[in-house]
Amino acid sequence: MEHAVSDEKQAHMGLPLPNGKLAMWLFLVTEIMFFTALIGTYLLIRMGMPTQSQPWPGPKDVHLVEAIGAFNTFVLICSSLTVVLAHWSLHTNDVRKATMYMGITLALGCVFLVVKAFEYKSKIDHQILPGRVFEKLDGPTGYRFYRTVEEQLKHIVEGHAHASEKAREACRKLLDELPRLSPKEINLRIAGSKKVKECDMPSGASKEVTGILEEFHDEDLHLSHSIPFGNMWASCYFAMTGFHALHVLGGLVVFGVILIMAWMGKFGVQHLNLVEYTGLYWHFVDIVWIFLFPLLYLV
Amino acid sequence: MSEPHANGDAHAAPDFQTYIYVFLALAICTILSFAVYGVLEGMAAAGIIMIVAVIKAALVIWIFMHVKFDWPRIYFLIVPVLILGVMMMFVLLPDIVIAWHQ
Amino acid sequence: MSSSQLHVGEVHAHEHHELSFIHKYIFSTDHKIIGIQFLFTTLLFLVLGGALALLVRTQLAWPHAELPWISSWFLESNGGRMTESFYNMLFSMHASVMIFFVIIPLLAGAFGNFTIPLMIGAPDMAFPKLNMLSYWFMWPAFILILVSFFAEGGAPAAGWTSYPTLASSSMPAGQGFDSPAAPNSGHGQIFWLLSLLFVGVSSMMGSVNYITTIINMRSPGMTLYRMPMTIWALFITAILQAFALPVLTVALILQSLDKLLGTTFFLPPAGLEFANWETGPGGGQPLLWQHLFWFYSHPAVYIMILPAMGMVSDIISTFARRALFGYRAMILSIAGIAGLGFIVWGHHMFQSGMDPRLGTGFMIATIMIALPSAIKTFNWLATVYRGNVQYTAAMLFALAFVAMFIIGGLSGIFMAATPVDIYIHDTYFIVAHLHYVLFSSSLLGIFAGIYYWFPKMFGRLMNESLGKLHFTLTFIFLNGLFFPMHILGVAGLRRRIPDITNAVLESPLVSLNQFMTLCAFALGVSQFIFIYNFFYSLFRGEVSGRNPWHSNTLEWVAPSPPGHGNFETIPVVHRWPYDYGDYGSIDHLKQTDPPDPSHPSGQHH
């Protein structure tokens, strides 16, 4: 076929980039916008809403352990390494090694999710859930707080919680005095003056009160107390880490499929591109966590 | 997936050692930010920790995601989205952050 | 890379296996079928959206009348008249259906799918199965939005903009959607939110597919600057969708979480207090929803017009037998409109109490969008000027697009200026603007596209006389319906009010509303001409050849309708699409016609 015309040298149109890679990057662009909106929401609310008297909860207020978050960060970084090594092994035609690295990545991803579940459990145990955190102990909320604390104290006093004898004694004392105390005073007695924020201080209370939770560091003493912006914190925390975890799960499903293919003997060097694109997605998930960890746990 | 043209993929790729070095750098950065958190307080700590986070993300993007080699082919995707994302947050600062305090 | 040169001109070796009916027409991966699927389903929703609009207009014209037949739907205690919440539901659902289930899927889904591979010379989209998924993901959306009408409390009535805390709060926080603040914002609102999430996912899948296809699957010789305007417009629209939709997704998810799980993203810190109950404490910001929502919804309005602009450019150039004036400027203008479109969302919120400094920024950027829009308008006019114009139905609709867009665009400049917007916000002036750009522009552009590409889709021509009649009646009645809205708006008629006789300022305006409602019904009836024409021509229309319009673009090289794989041989492109007219004895030079020194291309590099 004659191509006599000189300006027809371009017979190959398009970018020197496979369709799949271009599509995966486009997908990641949409994901970047998704997480930007989500993280942006968190940043804007956190920077805009809290005040001096009503500050944003710190990790200690909401039972968040920074070390666990750091461990999870490390787990994901390792998994990023192993997934890129899986690609590298396949590049050097070592299918067995690639399969092994993929397996390790899957395992590390599962570890991440298990640790996350453990963290979620601690929030659930302490009722730090959206809509369930006590804030502003006035009016009907105050009354609900009173009833909830009454139930919790009874639970401890009757020996159903694994509390020390001294803790039970303190709880019994509080339970006896409960009808005479206002919700804010109850809150003060539970959390202690060091922990209760200015907006929740009962009027006329200038005393230094050591709260039950302060005195007895029992993890099983599940006593509610007021956490200003606690509902907002829980909303942001669960929305951000929840969607991140869903994305992790999605990645794990793909890894699972690849491992099943390998087990059936159908995984090979021809899947180099698939492994690369899955790796790209996994690195993105890692990067989101690299930002979520400091934003939620550290700053 | 129909790929009618034999598109050349990244001809260069990092080697095993580079990956390990980057991994070690990431691990050190994580430990560093955790240490800063324990030692410093307030805006200084926040600033350092976030800068470290950006460095970690940049390392993952540049090396693990092969962007170092693919940059001329995909910069047109990454640059606008970063501008858009950052801009969106900055534009909302007056409205949501500053206005509320008034 | 040079191996493809050897294959140019060779026949595609296709496996010609017979597909079952289900695989061929229902779960098809062929972009043409998927495009036609989008076309049919969205035209059905157009009828629904139109019916809702007619009900709205009836209420506005005769606020106290007992309506024939449908009064049995309404409470006896209300005298068989529409209740206010029913009216709210009508306009909310009219807008939601028209925006998310008609205009966007028609332009991006139907025309995008059908035209893109054909106009760039590709056998199909880059990811045919993903394409099929993107259509079928619309079905949960369709079902959810239809089911919302029958939900407890009815379909959403908080406006298509669904602002919290009206749309989102429930009593008390954390109790879910069984006790919503407003009756319609319970189950109905949840269905609306979920439905739009499915639409968003479908659109994002489509965008990824379109962008990849346009970048990587053009046939040899089809450089970016030889693509027709339709493709440029669809390309930039797809980019807009990819960047903006995720933010809407976040907004919808956050409101869903607020309703389902009792999160507090949009509940103010003090909570809400009503007469007999109060929500729990919040901590969030209702204004945040507005920002997140409009960050998507402003680019959405450009998504709803840019493809129509692209199609109209090609149609005008074809029927004026003239090269498109200012091809590069047209492309840059589309890019400019899209780019600027990302930084103007605040102009929907001038009345929200936002910081005036922010408002000024938005105002300036919004006014700037007039510039590329004007460039495009002048270029269309310059294309038609001194052309050998053929007034086919498609051309009539395309020309009307330009004229109506001028009106819609001009009214837009009024509201771009914040001081003016403070006066006309939430009046009928805004309603006039949006209907001029959506109905009188986008929908007329869509009709133009249907008349233009019907022969390619179905191998038959639509009846031209009926098409011209459809055009004439539609044009007259839409102007009769929408133009007076400008006047009403400046006179002070507020939008979203069911009974305007309550207000002293507004009650004299009822008679004009009655005139408009009559025009609306006439407009609705006129569309039956189109429906008849469409279905009649589908089965009994005159068989069209490959290229009934003697157009240059690649899709006219393929058979009508194109078979599997679209082209018999891969088309090699030598020209831009606009070599019309000035070639002496030769009327037009198709994109595949080889270069000829005696007939140089009109494209200036």
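Trainee: Let's start with chain C. Are H8(C) and H10(C) roughly parallel or roughly antiparallel to each other?
Mentor: Keep in mind that this is a predicted model. The axes of H8(C) and H10(C), the latter being residues 306–320, cross at roughly 170°, and angles over 145 degrees count as roughly antiparallel. The two helices are therefore roughly antiparallel to each other.

Trainee: And within what distance do the axes of H8(C) and H10(C) come?
Mentor: They come within 7 Å.

Trainee: Which residues make that contact?
Mentor: On H8(C), C:Met229, C:Thr230, C:Trp232, C:Ala233, C:Leu234, C:Ile236 and C:Thr237 take part. H10(C) brings C:Leu306, C:Pro307, C:Met309, C:Gly310, C:Met311, C:Ser313 and C:Asp314.

Trainee: How do they divide into nonpolar, polar and charged?
Mentor: The contact of H8(C) with H10(C) has 9 nonpolar residues, 4 polar and 1 charged.

Trainee: Now the contact between chains C and A. How many residues does each chain give?
Mentor: Chain C gives 45 residues and chain A gives 37.

Trainee: Which elements of chain C give two or more residues to that side?
Mentor: Four helices of chain C do: H1 (3–7), H7 (187–216), H8 (229–260) and H9 (286–303). The largest share comes from H8(C), with 9 residues.

Trainee: Before I get carried away, what is the average pLDDT of chain C?
Mentor: The average is 89, and 92% of the residues score at least 70. Over residues 1–15 of chain C, though, the pLDDT is below 50. That stretch still has 23 contacts in the model beyond near neighbours in sequence. Where pLDDT is low, the predicted coordinates should not be read in detail.

Trainee: Good to know. What does the model score for ipTM and pTM?
Mentor: Both ipTM and pTM come out at 0.92.

Trainee: Switching to chain B: how many helices and strands are there?
Mentor: Chain B has 3 helices and 0 strands, giving the pattern α-α-α along the sequence. Of its 102 residues, 25% count as buried.

Trainee: What domains does the assignment give for chain B?
Mentor: Domain 1 covers 14–65 and domain 2 covers 72–102. Their C-alpha centres lie 23 Å apart.

Key: Residues are numbered from 1 along each chain as its sequence is written. Chains are lettered from A and ligands numbered from 1 in the order in which they are written. This is a predicted model: local features need pLDDT of at least 70, side-chain atom pairs count only at pLDDT 80 or more; totals for chains, interfaces and linings use all residues. Domain bounds come from an automatic or database domain assignment. pLDDT is the predictor's confidence in each residue, from 0 to 100. Two residues are in contact if their C-beta atoms, placed from the backbone, lie within 7 Å. A residue is buried if 20 or more other C-beta atoms lie within 10 Å of its own, exposed if 12 or fewer, and partly exposed in between; C-beta atoms are placed from the backbone. Axes are lines fitted to C-alpha atoms, for helices over the stretch in contact, and angles run from 0 to 180 degrees between N-to-C directions. Angles under 35 degrees count as roughly parallel, over 145 as roughly antiparallel, 65 to 115 as roughly perpendicular and the rest as oblique. Ala, Val, Leu, Ile, Met, Phe, Trp, Tyr, Cys and Pro count as nonpolar, Asp, Glu, Lys and Arg as charged, and the others, Gly among them, as polar.
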